[in-house]
Amino acid sequence: MSNKTILIVDDDPDVRLGLNIRLKANHYNVIFAADGMASLAEARKHMPDLIILDLGLPAGDGFSVMERLKANDTLALIPVIVMSARDPSANRERALKAGAKAFLQKPVDNAKLLAVIRKALGEKDLTPHLVHDLGEV
Amino acid sequence: MNEKTVRVLLVEDNPGDARLMRIFLAEAGSSAMELKHFACMSDAVNHLQRGGVDVVLLDLGLPDAQGLGGLRQMHSIAPGVPLVVLTGLDDETTAAQALQEGAQDYLIKGQIESHGLLRALRYAMERQRMQVETEQIRKQQLQLKDEFLSHVSHELRSPLSAIYQFVSILVDGLAGELRPEQSEYLRITLRNVRQLESMIADLLEVTRIQAGKLNIEPQGASLRDAITDTVSMFEGSAAAKGITLSANIPADLPLAYVDPSRVRQVLINLVSNAVKFTAKGGEIKLQTRIFEEDPGLLVVEIADSGCGIKPEVSKLIFERLYQASDAGEEGRKGLGLGLYISKELVARQGGNIWVTSEPQKGSNFFFTVPIFSLASLISPILTNEVKLEDAIAVLVVEMDSQDGWLSPDLRIEMSNVARTLLQRCLLPDLDVVLPKMGPGDAQELFFAVACTNKHGAEVMSKRVREQFRRCERLQQAGLTFTVSYSFLPPISRSVNEPMGEYAENVAAGVQEHINTMMIARNVPT
């Protein structure tokens, strides 16, 4: 049973609602931000255990959010999973270099999403074959 | 009209004709024409190579280039310079051929007058300019189309993602209990979402193929894993239709020279088609063996007992967007890109794909891939004049990441950069870079083989070290490189030993040498 807090950053309300239901059902606390600026404010305020970050965002895209997180000693410790519809061949490497733990391309299979979240949170993982996207060798 | 000086190159061996041309151009009152005259092809070609020619007037009856040969030669040297050919009165056939070979126009000797000549030259230049422009526009449009497709495919993913999320929430009962029917209908929706997702993936793959951005990294790899993985992947869906799915792989199957992930993609495509088009209770068999018609290739066969393919369409099915009109309800689902993608993937790995079929009895799909042979990779460097003191050196570049690998993708990308760089450091015909020789889990190892002496190997490794140190992309990724070399124990070639046998011996030596190096570094071989 986890009661860790996950910050979802996505400008699409449907994505936020869908992830909210899915993650709550898996016993996570969920908080939201709809743009880059708000995501930093929420991260400072709540110090979540994990951030799920979209790339195309108003008021500071995903990359600039990661840059700002990195620049802050405390916020830099929060693991980030990038979840975007963008082309992985053009964005995966860049996202990982910017400090993301994983790049997931939408649509993301639920089982895989949960496995990647557990791995990023350092929780026990029963489905290792689903997490090769986590990018840790 | 543009009055910039037009530089005309006249190639004409008949002094009388040449003089006439000069007079015609002068008569036309055009000081804007500057004429250079040569009586033979070789001088004219020299002049053309130096540049500064706007249009060529070429006689087709030159002493050192009869007929269309001269035209072809000039066209290949300066494809952007328009050509107007001069022919005799009775030679309209040659003139027509000249147009097909790329001449812009022809003038018949004896029928030329000054204004006509001037006009022909100007028109030739204008037509050439328009052709170049049209070609540029065509290329731009193609690129726009690719960008558009790529953009659209990615945009489609966002709403698809939302549909998947909410349907799966309903299916999993996160929004309340469902009646069995509701559950069933939602599962159908989910299946169609997955189908749409794979169509989008295919669409993107095709844009990559057409933009030449398909990444293929061949290595010595066994087809066994790819085949057994594919079979187990489709076991469920085959069993659901009561189809027997089996694979027969000989124990002594040689390694193939392929990109394993790309072969897997082809197999998945072919087996998924076979499952789709085979009726309940049917059979699908996978086989692989050395190709009967070419011992340098392996052939993979996927035989099904499905609806079969009519002979007249058996070639068409590999074309882009082809869909069988009578494929039945299942066959119509899809974009018709799978076989096209498979054909491209196979072709780019040096193989071929085809089908034989009997309608209503079933289809046999075949594709070939090259057999991995170290000997044939190495033999080009052995055929050169080998000096007595020379021996076979193996150069090894070890790539290490200072802070662990960020991601498998980054690692593959950096390996490609490193391999390309190594390739560029070496001399073609004298040295050869080997494909990936092991799993390389701890670090990536790159090998090159050279036929050289101690001094040559020293120079070579110094050059490689320097290039890797200078490569910004690799340095920025925090990678370190160690370059070293060692010599194989001497492998002498007996007097009458055929080159092929000698190459096999050397290859075996190289393989053993590399295995020893990998064992020393704890890399499984």
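This is a predicted model: local features need pLDDT of at least 70, side-chain atom pairs count only at pLDDT 80 or more; totals for chains, interfaces and linings use all residues.
Residues are numbered from 1 along each chain as its sequence is written, and chains are lettered from A, with ligands numbered from 1, in the order in which they are written.

An open sheet of five strands in chain B has the order β9-β11-β12-β14-β13, with mixed pairing; helices (H or I, at least four residues) and strands (E, at least two) are DSSP runs numbered from the N terminus, and two strands pair if DSSP finds at least two bridges between them. Its edge strands are β9 (244-248) and β13 (353-358) of chain B, each pairing on one side only. Neighbouring strands of this sheet are turned by 15 degrees against each other on average, direction ignored, where axes are lines fitted to C-alpha atoms, for helices over the stretch in contact, and angles run from 0 to 180 degrees between N-to-C directions. Within the sheet, β11 (residues 283-290) and β12 (residues 297-304) of chain B pair in the antiparallel sense over seven bridges, and B:Leu286 has B:Ile302 in β12(B) as its bridge partner.

Helix α7 (residues 223-240) of chain B packs on this sheet, touching β9, β11 and β12 of chain B, and its direction makes about 170 degrees with that of β9(B); contact here means C-beta atoms, placed from the backbone, within 7 Å. Helix α8 (residues 260-277) of chain B lies across β11, β12 and β14 (362-370) of chain B, running at about 20 degrees to β12(B). Among the buried residues of α8(B) are B:Val263, B:Leu267 and B:Phe277, a residue being buried if 20 or more other C-beta atoms lie within 10 Å of its own, exposed if 12 or fewer, and partly exposed in between, with C-beta atoms placed from the backbone.

A further open sheet, of four strands, has the order β16-β17-β15-β18 in chain B, with antiparallel pairing. Because β16 (431-433) and β18 (479-487) of chain B each have a single partner strand, one side of each is left without a neighbour in the sheet. Three bridges join β16(B) to β17 (residues 444-452) of chain B, and B:Val432 has B:Val449 in β17(B) as its bridge partner. Helix α15 (residues 499-520) of chain B lies across β15 (391-401) and β17 of chain B, at about 35 degrees to β15(B).

Finally, B:Asp91 lies in the loop between β6 (83-87) and α4 (92-100) of chain B, and B:Asp91 counts as partly exposed because it has 18 C-beta neighbours inside 10 Å.

Methods. Two residues are in contact if their C-beta atoms, placed from the backbone, lie within 7 Å.
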